[in-house]
Amino acid sequence: QVHLVESGGGLVQAGGSLRLSCAASGRTFSIYHMAWFRQAPGKEREFVARIDRGGGIRNYADLVKGRFTVSRDNNPNTVFLQMTNLKPEDTAVYYCAANLGNGVGYDAWGQGTQVTVSS
């Protein structure tokens, strides 16, 4: 079992920055890549960013490229999402997810942290 806990969400004005954290506990040695997703009210959950086990490979959704940066510290097992130049359309609940090597999907999810960007 892997347990994920996000933190760092909040209310920020457009153009501002926030840094989200996701702390992993449990069988963290089984974690392969980790990712951030978000879900806005009335919309489906969407991919935001992904980072591989070693931190060398990172992928981003087009909507956040150049503004968001994903990073990872394996000791302790924490993944970060640095968000800059935030826009009102970035408002969503942000979720951390972990792939445990069971295919291409994500096996563990956090409870989410709310990010609200005011205009």
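A residue counts as buried when its relative accessible area is under 20%, and as exposed when that area is over 50%. The legends below describe close-up views of a predicted model.

View 1. The side chain of His-33 makes a polar contact of 3.3 Å with the side chain of Tyr-106. Leaving aside residues up to four places away in sequence, His-33 also touches several others, among them Arg-50, Ile-51, Asp-52, Arg-72, Ala-97 and Val-104.

**View 2. The disulfide between Cys-22 and Cys-96.** A disulfide is a covalent bond between the sulfur atoms of two cysteines. A search of the whole structure finds 1 disulfide, formed by Cys-22 and Cys-96 with their sulfur atoms 2.1 Å apart. Cys-22 belongs to strand S3 and Cys-96 to strand S9 (residues 92-98), so the pair ties together parts that lie 74 residues apart in sequence. The link of Cys-22 and Cys-96 is left-handed, with -80° about the S-S bond, and both Cys-22 and Cys-96 are buried.

**View 3. The largest pocket and the residues that line it.** The largest pocket has a volume of about 190 Å³ and is lined by 13 residues, of which Arg-38, Lys-43, Glu-46, Leu-63 and Glu-89 lie nearest its centre.

Conventions. Residues are numbered from 1 along each chain as its sequence is written. This is a predicted model: local features need pLDDT of at least 70, side-chain atom pairs count only at pLDDT 80 or more; totals for chains, interfaces and linings use all residues. Side-chain values use heavy atoms; hydrogens and water are left out. On a 1 Å grid over the protein atoms alone, a cavity is a set of points where a 1.4 Å probe fits but cannot get out, and a pocket is an open set with protein on both sides within 12 Å along at least five of seven lines; lining residues have an atom within 4 Å of a point. Grid points are joined across faces, edges and corners, and a volume is the space filled by probe spheres set on the points. A polar contact is a pair of N or O atoms within 3.5 Å; within protein, one must be able to donate a hydrogen and the other to accept it, and residues adjacent in sequence count only if both atoms are side-chain atoms. Contact means heavy atoms within 4.5 Å. A disulfide is a pair of cysteine sulfur atoms within 2.5 Å. Helices (H or I, at least four residues) and strands (E, at least two) are DSSP runs, numbered from the N terminus. Buried means under 20% relative accessible area, exposed over 50%, partly exposed in between (1.4 Å probe, protein chains only).
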